[in-house]
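Subject: Structure handover

Hello,

Here is the structure I said I would pass on. Please look it over before reading the notes under it.

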Amino acid sequence: MRRVFFRNLIFLFLLNLIIKPLWVFGIDRNVQNITGASSYGLYFSLSALSMFFNIIIDAGITYYNNRIIAQKPDQISRLIPGIVILKFMLSILYIGITFLAAFLTNVISTQYPLLITLCANQILLSFIIYLRSNFSGLHYFKTDSVLSIADKLLMILLFGFILINPSLRANFNIEWFIYGQTACYFITLLLATILTMPLLKNLSYAISLGALKTIWLNSYPYVLVIFFMTIYARSDAFIIERISGASYAGHYAAAFRLLDAANQFGYLFAALLLPIFSRMLGNNQQIKDLTQSAFMLIIVAATMIITICTWHSEQIMRLLYDNTIRESGDTLALLTISLLGSFSVYIFGTLLAAAAKLKALNVITALAAVLNIILNMVLIPEYGILGAAYSAIAANVFVALAEYHYIKTRLNLSIDQHTLIRLTLFIILLTSIGWGVKCFITISWIYQCGITISSGVALSFYIGLISLKQLRNLYQISR
């Protein structure tokens, strides 16, 4: 299973390495530069509001479906009709609750048309992710990987055409951006539906209330986990806009965009690990080696990103954005530090989800959500967007440590002490190298980044976090 994981991780990473940076830096960044911090900040805030309750649409169905299909592949035809109907019903409930929240938080009525469209985008995306869970559960990882980037590829083509056309670019506004996303999500959902049809055999359209109840009872324990995760990951944007205004939310979005892009790398691990962990646990297979290998790789990647963004944050922000404020670089540096926590969560949280340890996940993520909201409410008025970054570090590190403690004490699974020592040494040495390169090598900062990354790769080999034997095995199994 470790070989299956690495082989598909390579394929998924290569696809996303091509598409996601084009979207983040070629499209999304340019949209903010064109529309301005205030307009984009409003979009960023309303997007966060639409995400708070999107778990209602899914209600834990995707996690449940992924686990069941991974363990019992023949269940797909039995499950899909009831799940689709249930998700339609939950979508109506989601819209109602989101607009109630908008009313209670004094979102003005003129912003409601944007909010309803953003809600529609969340509904379309939820259906896409659900259909993808069938492919990942069946270990059709390449199909799942293609669908994972299909919507962004369509958006790149659509908005790329608009942004390079002078007349269209001159009239571009944030509404175009939102409506364009709706169209691309719809086309992706249609593609996912077409690809799903050959998987269905002896499909029955007779759905009983009992079947819907069974699906719900098996799915709802995942609801709170994802809801609390969304709160501690996204509440900062909405709170900043409510307290400091849309412009500050836009400046925070500029730094957060890079964090979000980096987190996509961690999400790739989780997307592959969930069905693999589920099947291995269902077959009583040993998972320590896979867990340790995945953790080691993801922390090495996080350290490289953090080192670059810590020592060159101001240059990165000035390169990417037309208008920045004094705190922009410091916000980026602080936000990327939280990757040590969030990347670890992609490993430990996924393992707990696969093991159905939902009570532990609910408690940990609920505490993190409360911690994040309190810190945001206290720190944002005092420190602005830097306060939100401090809150992000605290919440992510807390979740990572709590999940690891549970896995170590309750599942009797831990990372070898020797591996933790090597990772700690790697973090200290690479951070020091990055500082030394910045201070003592007087060349362009972009070349300095290249030296730091090269040093990180070499250091990971020297310390033994990555080996030539491991790479040869990866090459052989990926052929």
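The notes below start with the whole protein and then move to particular residues.

Overall picture

Please keep in mind that this is a predicted model. The protein has 21 helices and 0 strands. Of its 479 residues, 56% count as buried. Among contacts with a separation of 6 or more, 84% are between residues 24 or more positions apart. The accessible surface is about 21,000 Å², and carbon and sulfur atoms make up 65% of that area.

Salt bridges

The count of salt bridges is 6. One of them joins the side chains of Arg-257 and Asp-28, at 2.6 Å from N to O. This pair links distant parts of the chain, with Arg-257 in helix α12 (residues 246–282) and Asp-28 in helix α1, 229 residues apart. Both Arg-257 and Asp-28 are buried.

Asp-144 and Arg-132 form another of the bridges, with 2.7 Å between the closest N and O atoms. Asp-144 belongs to helix α7 (residues 141–164) and Arg-132 to helix α6 (residues 112–137), so the bridge ties together parts 12 residues apart in sequence. Asp-144 counts as buried because its relative accessibility is 4%, under the 20% cut-off. Arg-132 is buried too, with a relative accessible area of 10%.

Lys-152 and Asp-151 also meet in a salt bridge, at 3.7 Å from N to O. Lys-152 and Asp-151 are both buried.

Around Arg-29

Arg-29 is in helix α1 (residues 2–35). Its relative accessible area is 17%, so Arg-29 is buried. Leaving aside neighbours within four places in sequence, Arg-29 is in contact with Val-24, Arg-257, Leu-319, Leu-320 and Tyr-321. Arg-29 and Tyr-321 are 292 residues apart in sequence, yet their C-alpha atoms are 7.4 Å apart in space.

Helix α17

Helix α17 covers residues 358–383, 26 residues in total; at 1.5 Å a residue it should span 38 Å, and the 35 Å between its end C-alpha atoms agrees with that. There is a bend of about 25° in α17 at Asn-376. Gly-384 follows α17 and has a positive phi, near 65°.

A nonpolar patch

Trp-435, Phe-440, Ile-441, Ile-443 and Tyr-447 make a nonpolar surface patch of about 560 Å². Trp-435 is part of helix α19 (residues 417–440). With a relative accessible area of 42%, Trp-435 is partly exposed.

Regards

Terms used:
Residues are numbered from 1 along each chain as its sequence is written. This is a predicted model: local features need pLDDT of at least 70, side-chain atom pairs count only at pLDDT 80 or more; totals for chains, interfaces and linings use all residues. Side-chain values use heavy atoms; hydrogens and water are left out. Patches are made of residues with over 30% relative accessible area and no salt bridge: like charges are joined within 9 Å, nonpolar side chains (Val, Leu, Ile, Met, Phe, Trp, Tyr) within 5 Å. Accessible areas come from the Shrake-Rupley method with a 1.4 Å probe; for residues, only the protein chains shown count as cover. A salt bridge is a side-chain nitrogen of Lys or Arg within 4 Å of a carboxyl oxygen of Asp or Glu. Helices (H or I, at least four residues) and strands (E, at least two) are DSSP runs, numbered from the N terminus. Buried means under 20% relative accessible area, exposed over 50%, partly exposed in between (1.4 Å probe, protein chains only). The expected span of a helix is 1.5 Å times one less than its number of residues. The bend at a residue is the angle between axes fitted to the seven residues ending there and the seven starting there. Contact means heavy atoms within 4.5 Å.
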